[in-house]
Amino acid sequence: MAKGADFFCLFVLFLSSVSAIIDDPQTKQVYVVYMGSLPSQLEYTPMSHHMSILQEVTGESSVEGRLVRSYKRSFNGFAARLTESERERVAEMEGVVSVFPNMNYKLQTTASWDFLGLKEGKNTKRNLAIESDIIIGVIDTGIWPESDSFSDKGFGPPPKKWKGVCSGGKNFTCNNKLIGARDYTSEGARDLQGHGTHTASTAAGNTVENTSFYGIGNGTARGGVPASRIAAYKVCSETVCTSASLLSAFDDAIADGVDLISISLSGGYPQMYQKDAMAIGAFHANVKGILTVNAAGNSGPFPASTESVAPWMLSVAASTTNRGFFTKVVLGNGKTLVGRSVNAFDLKEKKYPLVYGDNFNESLVQGKILVSVFPTSSEVAVGSILRDDYLNYAFISSKPFSLLPPDDFNSLVSYINSTRSPQGSFLKTEAFFNQTAPTVASFSSRGPNTIAVDILKPDVSAPGVEILAAYSPLSSPSDDRSDKRHVKYSVLSGTSMACPHAAGVAAYIKTFHPEWSPSVIQSAIMTTAWPMNASGPGAVSTEFDYGAGHVDPIAALNPGLVYELGKSDLIAFLCGLNYSATTLKLIAGEAVTCSGKNLPRNLNYPSMSAKTNSSFTVTFKRTVTNLGTPNSTYKSKIVLNRGAKLNVKVSPDVLSFKRVNEKQSFTVTVSANNLDWKLPSSANLFWSDGTHNVRSPIVVHTGYYS
């Protein structure tokens, strides 16, 4: 997987064998023991309790070698080395919500913020006094503290609410921009891969002029909220990125006082919430008033591939911008073909022989350009040209390289086959701007949600293709270890890049509305998103790939109406998923009564979704809060998408508000006969007062897609 694209992978992390059968009953592996919220008793000491549990199940008096991590600041639990029989005993103990394997997680800009409408300098409305008080916690591969993107020139001291530390390891220094760092890998918080530096600078990096990748994409790099502060939490090394470390980072970040968490990681496949470290950490952040923004995953374009499925997180798909990187291939006959790559090599227009074939001898391609249908490389070839069947984005290679669309590739093959001595060359990559509407990237993970089938995921899309941002000089910009180049700024693609864009949008909103809760910010982002159109055939080009649409930070400042959610709503949602009252008491830290009438689709979410049969009638219950103007009246309108044959009724169809913060409830009833089981059917509900257009997607589906 190429470093220029998360889909090709920034580095390879193999999932641990979380479901493997352990032949030796005495074999120990690390398990995470989740125990819910911290008890309120003053005399309770989490670590002592964790040690006593281990002593009880192991029969050992000294268990320091068993305990891996203890979660004791923001929620309760620990990670420990256990045998299978010990795991089973712990899972049955009173006060334990779940026990699950310590799995590995995977890592999933000059022009992108302009594209989103946040222009440079005074061209964008900003509230700098509050922006400087916003702290974004970035859970990732660490950070490169010396980058210009994290200089503290012009910054005052950290906000008084900050309770964190700078514990980055040897020769690591924080400042008034990068105000905190923690390491959970034993490597130190310095970023050795570039991923965490890239995501942090995308969300909140300083304004840095004249940045580029060897002159490509030259411009001013900046984050969405350049005046805000950053706290870096390193959970991923070059080889591991575990659940235990992830939960430790959440535990600390919540207690440290961050306002927002950006996390561009995914676990490989969806998990039930009580066994999903991401969902657990984000839940406890949410109830403390902290929104978690998470990458949807890079397992697209396959249906039901998104791993970010909890409604208390903002799940972000990756989409294109109005800029692309293109590399021209010039043939010996003068014809020019245009492909995709980030090629910093200048061949001075010198032509080289072209060799076509998928099975080749290294001696036959030495000093030549290799042409192949399938991904391949050669240490002795000058460069390579490949056919691009579905990627359609550029990434960095260690040698001259271009991905040609199928028609141009076939034209190249025809030229090679019809010419006695075919030759060609590469030109250096150029950046071109266009007015094409954004589309979701092929690698971006898709819905439907397999854990809560009536919650639409992902939530929104954001720029995640060919993003230029700060990078670690210790890491090669490509995936080739022979690539000895070192850069301060590099180009990456992935939902990892989309996530910090959405986090930057959320932080931008919070600078104008610091009192808004996580659900209000999430609602504002979703209901003001740009509508997106299908980028191709099938279920992968519907709301299952872009959710409510593409983020629009300016519109999100003034959403009009919002869908609010509190802790009690989330607990009721979990009741509807058949979590027991005993389990929910541990999670919530208080007594819980499930009424038995909590349908998950009635969670007060900004989108509406239901898994149904082909003929059905379903009803959604929602409540909106007026954040617009007093004495306002909103009228509803239904717009069907893609020829959907749905009957949709809104009751009442007019909502009148006398004051700000007033709430009004309504129902949406959707019915159909002989629904197409191969595709979801959808509509948009608009609430409009003449100024605001509050849009919610409505999606009904059978769940059977391929």
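**Close-up views of a predicted model**

**View 1. Tyr 634 of the model stands opposite Leu 655 in strand E32.** Strands (E, at least two residues) and helices (H or I, at least four) are DSSP runs numbered from the N terminus. Strand E30 (residues 632-640) is joined to E32 by 4 bridges, and the two run antiparallel. An open sheet of 5 strands has the order E28-E35-E34-E30-E32, with mixed pairing; two strands pair if DSSP finds at least two bridges between them. Strands E28 (608-611) and E32 (654-657) form the edges, each pairing on one side only. From one strand to the next, the twist averages 15°, with axes fitted as lines to C-alpha atoms and angles running from 0 to 180 degrees between N-to-C directions. The structure is a predicted model, in which local features need pLDDT of at least 70 and side-chain atom pairs count only at pLDDT 80 or more, while totals for chains, interfaces and linings use all residues. Residues are numbered from 1 along each chain as its sequence is written, and side-chain values use heavy atoms, with hydrogens and water left out.

**View 2. Leu 265, Tyr 273 and Trp 312 touch the most other members of the largest nonpolar core, which has 121 residues.** Helix H10 (residues 495-512) supplies the largest share of this core, 10 residues. Apart from this core lies another, of 25 residues, including Ala 610, Val 648, Leu 675 and Ile 698. A nonpolar core is a set of buried Ala, Val, Leu, Ile, Met, Phe, Trp, Tyr and Cys residues joined through side-chain atoms within 4.5 Å. Buried denotes under 20% relative accessible area, exposed over 50%, and partly exposed in between (1.4 Å probe, protein chains only). When neighbours within four places in sequence are left aside, the contacts of Leu 265 (heavy atoms within 4.5 Å) include Tyr 105, Ile 139, Cys 236, Cys 241 and Met 278.

**View 3. A disulfide joins Cys 236 to Cys 241, with an S to S distance of 1.8 Å.** A disulfide is a pair of cysteine sulfur atoms within 2.5 Å, and by this rule the count comes to 3. Cys 236 is buried at 0% relative accessibility, and Cys 241 is buried at 1%. The sulfur of Cys 499 lies 13 Å from the closest cysteine sulfur, that of Cys 236, and is therefore too far for a bond. Cys 499 is likewise buried, at 0% relative accessibility.

**View 4. Cys 166 and Cys 174 form a disulfide with their sulfur atoms 2.1 Å apart.** This link is right-handed, with 85° about the S-S bond. Cys 166 is partly exposed at 38% relative accessibility, whereas Cys 174 is buried at 17%.

**View 5. Cys 575 and Cys 594 form a disulfide with their sulfur atoms 1.9 Å apart.** The torsion about the S-S bond is about -70°, so this disulfide is left-handed. Because Cys 575 lies in helix H14 (residues 567-576) and Cys 594 in the loop between helix H15 (581-588) and E28, the pair ties together parts that are 19 residues apart in sequence. Cys 575 is buried at 9% relative accessibility, and Cys 594 is partly exposed at 29%. With bonded cysteines counted along the chain, the disulfides follow the pattern 1-2, 3-4, 5-6.

**View 6. Thr 336 is placed in strand E17 (residues 336-340).** Its relative accessible area of 39% makes Thr 336 partly exposed. Beyond neighbours within four places in sequence, Thr 336 contacts Lys 328, Val 329 and Val 330.
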